[in-house]
Amino acid sequence: MPRSNCFHCGLPCETEEIHFDEKSFCCNGCKTVYAIFRDNDLSYYYELEGAPGKTPELNQGKFDYLDDPGIAERLLEFQDESHHIISLSIPHIHCSSCIWVLENLNRLNPGVYSSQVDFPRKEARIHFNSEQISLKELVSLLNAIGYEPSITLEQYEGAAKKIDRKLIYQLGIAGFAFGNIMFLSFPEYFESGEYWLEKYKGLFHWIMFAFSLPVVFYSGSGYLTSAYKSLRSGILNIDVPIALGILVLFIRSTVEITLDLGQGFFDSLTGLVFFLLLGKFFQQRTYSFLSFERDYKSYFPIAVTRLKTDGSEDNIPVHQVVTGDRLLIKSNSLIPTDSILLKGEGRVDYSFVTGEARAVSKKSGDRLYAGGKQLQGAIEIEVLKPVSQSYLTELWSDAAFSRNPKTAFRNLTDRIGKRFTVAVLTIAFVAAGIWLFIEPARALNVLTAVLIIACPCAIALAAPFTLGNLLRIFGKKGFYVKDTESLERMALVDTAIFDKTGTLTTTRRNSIDYTGIELTEAEAILLKNTLRASGHPLSQTLYKQLAPYNIIPLDNFEEHLGEGLEGRLADAHIRVGSSEFVTGAPPAQAGGSEVHVSTNDSYKGHFIIRNSYREGAGKLFEDLNHDYSLAVLSGDNESEKAFLEELLPPLTPMYFNQKPKEKLQFVRELQREGKEVLMIGDGLNDAGALAQSKVGIAISEDANLFTPACDAILDSRQFANLGVFLGITKKAMKIIYMSFAFSLLYNLVGLYFAVTGQLEPVIAAILMPLSSISIVAFTTAATNWIGRKIE
């Protein structure tokens, strides 16, 4: 009686056949994995793809070394109390079933918070609770379900991953075979009739066959494998017609030389694969170049406050930070590097890293990770790693943090690709069938040429190359956009909301007057060090005025967003902020922003800071008024309303004394009315509104503050060009649609020549990657052209 195939892994049950739940399994390991999935309501794993699993290798003690805290620490990307994050290489990831089960690990063990799979890199990034499941237990769980991670010495040592040169090898083999087959085909091309050439023609045919084998089964394996998995999953991707063209040419050529009917199409076959891979190589290199220019230096154009040995401070670009530097991290500021806490009490929000909003307390000597946000008070840290090696550098590029992972253009591309593939297959087989009646010898060429020339690869490249190049251009001009999805959303906005302080105003040319009881030296020192811990523009303006006074650590600091600050040193207590926060009285109508001060519950007086507005603000509003609805939301009083009315277009709504929650609610109300809102703020009190809006842009003045609740950072020196940036995003969308149109037109023209039998397969193979290259060249040149408008 013949044995069955294993329900889990699909291999024949040769040595034993175990029956369980009316299914056959080749071993207890496969049966156990099936039972785990069934008991945890994960049986859908087998519906995604038949027999997708791998027989697990159950080796007791294999992962004992992961119990060593030193080794575990080197492998983990992030560890804070019980929340740990690790990225594991899992070579067996190969299909949609693998992705599905690995992203549902939390259903197998509640200690796993979440997991995301990077299919091209065959990696799984896992968040887990170390108090519920250890690293060893996590890896053992993966091994038990047939997904054993590959943990190598390079990963332990933190070395860079080896470059995958497979494409280069495939391209080299295809080119070598193509050249030799062309040489061996000369007798057929020239029909010389020489006796010795005719004598060895059969040998030449079999040598060409031998050269074609590595081309088909190694160089072209990517197309064949992709098409096979696509068909098994019940979908049609753009590799299906290419794989069919390769197989048709190979089988037809093999039949011809076997039956001595001719030399076949081995030259066209190897040329086809060579030019396809050449196009892919060019695309890969170009995209890598774009990605390289979008590194952390572009995404995080921030500076940090470095503490010198003499006690003074200076601001340096974040990428100049080196191991051993001592940095000052102000309240509500991002920790840019992995570091050790030296002074102050840390209250760190790691939600930007882990997605968990719960803040954690840190004390002197504790390790801090890049990406955490210090919520309360200033702290001093010592850098353990430069920014380029810290966890922060990977945050913005990680798919887990993408707000909108499936964008409109990806949806459009997918729809076009799927429908186009179906149409191409239909046209190819109908055309070949017609040619079988007209001229049978030409039918194969027609079939293959149609399958190749109409590949919709160029359509899939239009959006990523246009938006990727635009990210690079914007970054060079001082506008640092998080990702391509943010650019797409930016092109859709129709309403622009501006904060006033720190956004429309600049702290570099403010005038300051003080009215009240003169502060003693002790009170001035306490005021300076309370302001020192805050990143608010008004706080920093006053802080610079108090430069002569000493820097000392506070016993306690607290910042009330949108209201004010509190500081305590020994028995002295200070409150600084709005009139309502300090005195309980509503603000007076002064000729500027008021900052009130009280010490030990005794009111001292107030500073009046008269704002200077950014150059080009009036022209910017005039330009934006044509295409956008405008409004101003300010946490300050109405003292500068008259000046703003002259600066802004007529009837522009202005709202003052707005708390952070009120700004957030204002954005929500506009969104309920169907508005696509762009919020421009300084990244502090506007954080909620920035996050809620369609696109949030934070203005960076001194480049020393950063908020994760935004989609882009604009260098304040480029503020007047904001309208230009927004206009370019709209033009970029038009470039993408033009690329779609060009690609479809190219395919229609190519189909005409292929269907009418005027196009040879090898010529189609040359033209197909050229179409992709032309789209890349067009989008790059077009985005470079429109980017020239930025001063």
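This is a predicted model: local features need pLDDT of at least 70, side-chain atom pairs count only at pLDDT 80 or more; totals for chains, interfaces and linings use all residues.
Colleague: How many helices and strands does the protein have?

Modeller: The protein has 28 helices and 29 strands. Of its 791 residues, 53% are buried. The accessible surface is about 35600 Å², and carbon and sulfur atoms hold 56% of that.

Colleague: Why is I251 called exposed?

Modeller: Exposed means over 50% relative accessible area. I251 has 51%, so the word applies. I251 sits in helix α12, residues 239-258.

Colleague: What makes L247, I251, V255, L259 and L261 a patch?

Modeller: Patch residues need over 30% relative accessible area and no salt bridge, and nonpolar side chains are joined within 5 Å. L247, I251, V255, L259 and L261 form such a nonpolar patch on the surface. Together they have about 470 Å² of accessible area. For I251, the value is 51%, which is over 30%, so that part of the rule is met.

Colleague: Why is E488 called buried?

Modeller: Buried means under 20% relative accessible area. E488 has 10%, so E488 counts as buried. E488 belongs to helix α19, residues 484-490.

Colleague: How far apart are E488 and K730 in sequence and in space?

Modeller: They are 242 residues apart in sequence. In space the distance is 8.5 Å, C-alpha to C-alpha.

Colleague: Which residues of helix α5 are buried?

Modeller: Helix α5 covers residues 135-144, and its buried residues are L135, L138, V139, L141, L142 and N143. G146 follows α5, with a positive phi near 90 degrees.

Colleague: What is phi of A570, and where does A570 lie?

Modeller: Phi of A570 is positive, near 60 degrees, and A570 is not glycine. Most residues other than glycine have a negative phi. A570 lies in the loop between β21 (564-569) and β22 (572-577).

Colleague: Where is N600, and what is its phi?

Modeller: N600 is in the loop between β23 (593-599) and β24 (602-613). Phi of N600 is near 50 degrees, a positive value in a residue other than glycine.

Colleague: What share of the contacts with a separation of 6 or more joins residues 24 or more positions apart?

Modeller: That share is 66% in the protein.

Note on methods:
Residues are numbered from 1 along each chain as its sequence is written. Side-chain values use heavy atoms; hydrogens and water are left out. Patches are made of residues with over 30% relative accessible area and no salt bridge: like charges are joined within 9 Å, nonpolar side chains (Val, Leu, Ile, Met, Phe, Trp, Tyr) within 5 Å. Accessible areas come from the Shrake-Rupley method with a 1.4 Å probe; for residues, only the protein chains shown count as cover. A salt bridge is a side-chain nitrogen of Lys or Arg within 4 Å of a carboxyl oxygen of Asp or Glu. Helices (H or I, at least four residues) and strands (E, at least two) are DSSP runs, numbered from the N terminus. Buried means under 20% relative accessible area, exposed over 50%, partly exposed in between (1.4 Å probe, protein chains only). Contact means heavy atoms within 4.5 Å.
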